[in-house]
Every structure is written in structure tokens, then in C-alpha cells.
Amino acid sequence: MASNVKERERLNERFAFWDNNGDGTIDRSDFEAEAREIMRNLGEDDTTPRGRAVFDAYTQMWDYLASKAGKSSLNADEFAAVAEAEIISQGDAGFSRVLRPTIRAIVDLLDNDGDGRVSPDEFKRWLDAVGVSTNTQSIFQSIDTNGNGYLTVDELMAAVRDYHLGRSDVPLLGR
Ligand SMILES: [Ca+2]
Ligand SMILES: [Ca+2]
């Protein structure tokens, strides 16, 4: 099925993104580095409570996948296999279990005015942090599915899921 090809392509992209030193494996240090990179790009560090929450969410995402795979480092095939089994094949429940804490922590980090949702200005910081600089307004509108001018954790979860299922082309977690 074409969608499965796209899903695997997205997992391969995700793997390459996390394999910072390009040695063909990823481990916990890659997730730690990615969390620090996001925080650096957002002007935060992992000593603030909000920064610490992002760091913990990223490393817990890794710990979960590594424990399910029974390994402390994963090559591209092993990563694709565990991501398929634990996230993609389980649909919304899988995405929510593995990714919601990370999305929640990023929303809290972005949410400067503390209203629990992400405004267009707050969202722009995230896109800047992950290196997406074009079409930011249409990206916002495509994620704001209820059209109320703000993004919720649920709307952002759906966007991350759709990207990994090949249904959208917005790499919210970087690529
Ligand atoms: Ca807000
Ligand atoms: Ca909305």
C-alpha cells in the first residue's frame, strides 16, 4: 500500500534526523541532544521547569521505545519496527501514548500567556525552532481544525500523527 511506503519514508527521515552523528544507530543521547537543540532554539534551557519537562518527555519517549525493543540502541530497521508496532499500527492510542507527553511539554514551553493553547505568535517560535520558515500562516490554519485561531494539544497531536502517516507534509518535530 502506498501509505505504508510513505509511513516508512517518514520513519526513515525521523531516524536520520535523530542519528546526529550519522553512525547508523540512535540511542538515548540522540534524544537528549534533540531536546536540548529545541530548547536552545526556543531560548530555553533544561534547568527551568518547563525546559526540564521537554527534556524528560523526549527521553521518556526514547526509554519507552527502547524498552519495547529490548535494546539500548536501534538501527533504522529496528527503529522502524518498534515505531510501527508501538505507534503507527495502534493508531491514535499509540500516537497519544508515545507522543502526547512531548507535545504537551512543548505546548507548555510555548504558551507564554498561560492560556493552555498556542497562538499564531507562539506557534511561530516552534516553527522557527524546527526550521520551518515558509507558509507559516497556512500551516497554522491547516492544524487549527476547529478554526478558532488557537492550537490545542489535540490539534497538534493530530498534526504530528498525520505527518507520520503521510497525510500531511508539515514536519512539526523537525526533519
Ligand atoms: Ca497561549
Ligand atoms: Ca483550534
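Which pattern does the chain follow when read along the sequence? In this predicted model, the order of elements is α-β-α-α-β-α-α-α-α-α, and the secondary structure amounts to 8 helices and 2 strands, where helices (H or I, at least four residues) and strands (E, at least two) are DSSP runs numbered from the N terminus. The radius of gyration, taken over C-alpha atoms, is 15 Å, close to the 16 Å that the globule rule gives for 175 residues, so the chain is as compact as a globular protein of that length; the rule itself is 2.2 Å times the number of residues to the power 0.38. The C-alpha trace spans about 40 × 40 × 30 Å along its principal axes.

Residues are numbered from 1 along each chain as its sequence is written, while chains are lettered from A and ligands numbered from 1 in the order in which they are written. Local features need pLDDT of at least 70 and side-chain atom pairs count only at pLDDT 80 or more, whereas totals for chains, interfaces and linings use all residues, and side-chain values use heavy atoms, with hydrogens and water left out.

Of the 175 residues in the chain, 45% are buried, a term that stands for under 20% relative accessible area, with exposed meaning over 50% and partly exposed in between (1.4 Å probe, protein chains only). The chain exposes about 8300 Å², of which carbon and sulfur atoms supply 47%; accessible areas come from the Shrake-Rupley method with a 1.4 Å probe, and for residues only the protein chains shown count as cover. Among contacts (heavy atoms within 4.5 Å) between residues at least 6 apart in sequence, 58% join residues at least 24 apart.

The largest nonpolar core has 53 residues, and those with the most contacts inside it are Tyr58, Phe79, Ile103, Phe123, Trp126, Leu156 and Leu172; such a core is a set of buried Ala, Val, Leu, Ile, Met, Phe, Trp, Tyr and Cys residues joined through side-chain atoms within 4.5 Å. Two or more residues are given to this core by each of α1 (2-18), α2 (28-41), α3 (49-69), α4 (76-86), α5, α6, α7 (136-143) and α8 (153-164), with α5 giving the most, 9 residues. Phenylalanine 123, leaving aside its neighbours within four places in sequence, is in contact with Val118, Ile139, Phe140, Ile143, Leu151, Leu156 and Leu172. Valine 107, placed in helix α5, counts as buried at 0% relative accessibility and, not counting residues up to four places away in sequence, touches Gly116, Val118, Val153 and Leu156.

Aspartate 111 lies in the loop between α5 (91-110) and α6 (120-129) and glutamate 122 in helix α6, so the pair ties together parts that are 11 residues apart in sequence; both aspartate 111 and glutamate 122 are buried. Under the criteria applied, four donors count as tetrahedral if all angles lie between 85 and 135 degrees, four count as square planar and six as octahedral if opposite donors are over 155 degrees apart and all others between 65 and 115, and anything else is irregular.

The calcium ion (ligand 2) is coordinated at 2.2 to 2.5 Å by Asp144 (OD), Asn146 (OD1), Asn148 (OD1), Tyr150 (O), Glu155 (OE) and Glu155 (OE), with the donor residues spaced D-x1-N-x1-N-x1-Y-x4-E in sequence. The arrangement is again irregular, because the 6 donor atoms subtend angles of 52 to 156°. Aspartate 144 is buried, with a relative accessible area of 7%, whereas tyrosine 150 is partly exposed at 26%.

Asparagine 135, in the loop between α6 and α7, has a positive phi of about 55° although it is not a glycine, and is exposed, with a relative accessible area of 56%.

Conventions:
Donors = N, O, S within 2.8 Å, 3.2 Å for Na, K, Ca; no water.
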